[in-house]
Amino acid sequence: MALIEWDDSLSVNVKEIDAQHQKLVMAINELNEEMRLGKGQDALNKILKDLISYAATHFKTEETYFNKYGYPDTERHKKEHTDFVAKVSDVKERLENGKLFLSLEVMKFLSGWLRNHIKQADKKYSSFFNSKGLT
């Protein structure tokens, strides 16, 4: 069972960004499923590493558009990205050092952050980007 179901409430009406968000949803669901199936810590660490890497790629896409179009809330939005990367990097390091195990709490954080970030922060740029011709 998927931890996050993609639906229209998560769409920001920009195809490229929606596609990236869908990949992030799939990665979190994959990580959750592998954890649920009791996969080894090495397998989970690899998926988490891939998720962090893809999130960085996604954030770069958004931030490139922020700069290109002069999005007025750029600094606050970038800070959310930076804070997320720091938090997830800390989780990853603690997992690798055996100080933390992937748990329902970690999965709730990842899925909750993504869902809330899209529905609150990302939705704010949707009409702005659309007005610039980005669809």
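Figure 1. At a relative accessibility of 4%, A55 counts as buried, because burial here means a value under 20%. In this predicted model, A55 belongs to helix α2, and once its neighbours within four places in sequence are set aside, A55 is in contact with L24 and F84. The C-alpha atoms of A55 and H21 are 9.0 Å apart in space, although 34 residues separate the two in sequence.

Figure 2. With neighbours within four places in sequence left aside, the contacts of H58 are I17, Q20, H21, L24 and D122. Among these contacts, I17, Q20, H21 and L24 are listed with the buried residues of helix α1.

**Figure 3. Helix α1 and its buried residues.** Helix α1 covers residues 15-36, and its 22 residues, at 1.5 Å a residue, should span 32 Å; the C-alpha atoms at its ends lie 31 Å apart, which agrees with that expectation. The buried residues of α1 are I17, D18, Q20, H21, L24, V25, A27, I28, N29, L31, N32 and E34. An α-helix has 3.6 residues a turn, so residues three or four places apart point the same way. The buried residues of α1 pack against α2 and against α4, the latter formed by residues 104-131.

Figure 4. Most residues other than glycine have a negative phi. The relative accessibility of N13 is 47%, and N13 therefore counts as partly exposed. Just after α1, G38 also takes a positive phi, in this case of about 75 degrees.

Figure 5. H81 lies in helix α3, which runs over residues 74-96, and is buried, with a relative accessible area of 1%. Leaving aside neighbours within four places in sequence, H81 is in contact with F59, E62, E63, F66 and H117. One of these contacts, H117, is 36 residues away from H81 along the chain, while the C-alpha atoms of the two histidines are separated by 9.3 Å.

**Figure 6. The whole chain as context for the close-up views.** The chain holds four helices and zero strands, and from the N terminus on its elements follow the order α-α-α-α. For 135 residues, a compact globule would have a radius of gyration near 14 Å, and the value of 15 Å found for the chain agrees with this. Along the principal axes, the C-alpha atoms fill a box of roughly 45 × 30 × 20 Å. Of the 135 residues, 43% count as buried, and the chain exposes about 7,500 Å², of which carbon and sulfur atoms supply 52%. Among contacts with a separation of 6 or more, 76% are made by residues 24 or more positions apart. The side chains include 21 positive and 21 negative ones, and the centres of these two sets lie 2 Å apart.

Methods
Residues are numbered from 1 along each chain as its sequence is written. This is a predicted model: local features need pLDDT of at least 70, side-chain atom pairs count only at pLDDT 80 or more; totals for chains, interfaces and linings use all residues. Side-chain values use heavy atoms; hydrogens and water are left out. Helices (H or I, at least four residues) and strands (E, at least two) are DSSP runs, numbered from the N terminus. The radius of gyration is taken over C-alpha atoms; the globule rule is 2.2 Å times the number of residues to the power 0.38. Buried means under 20% relative accessible area, exposed over 50%, partly exposed in between (1.4 Å probe, protein chains only). Contact means heavy atoms within 4.5 Å. Accessible areas come from the Shrake-Rupley method with a 1.4 Å probe; for residues, only the protein chains shown count as cover. Lys and Arg count as positive and Asp and Glu as negative; His and the chain ends are not counted. The place of a charge is taken as NZ of Lys, CZ of Arg, CG of Asp or CD of Glu. The expected span of a helix is 1.5 Å times one less than its number of residues.
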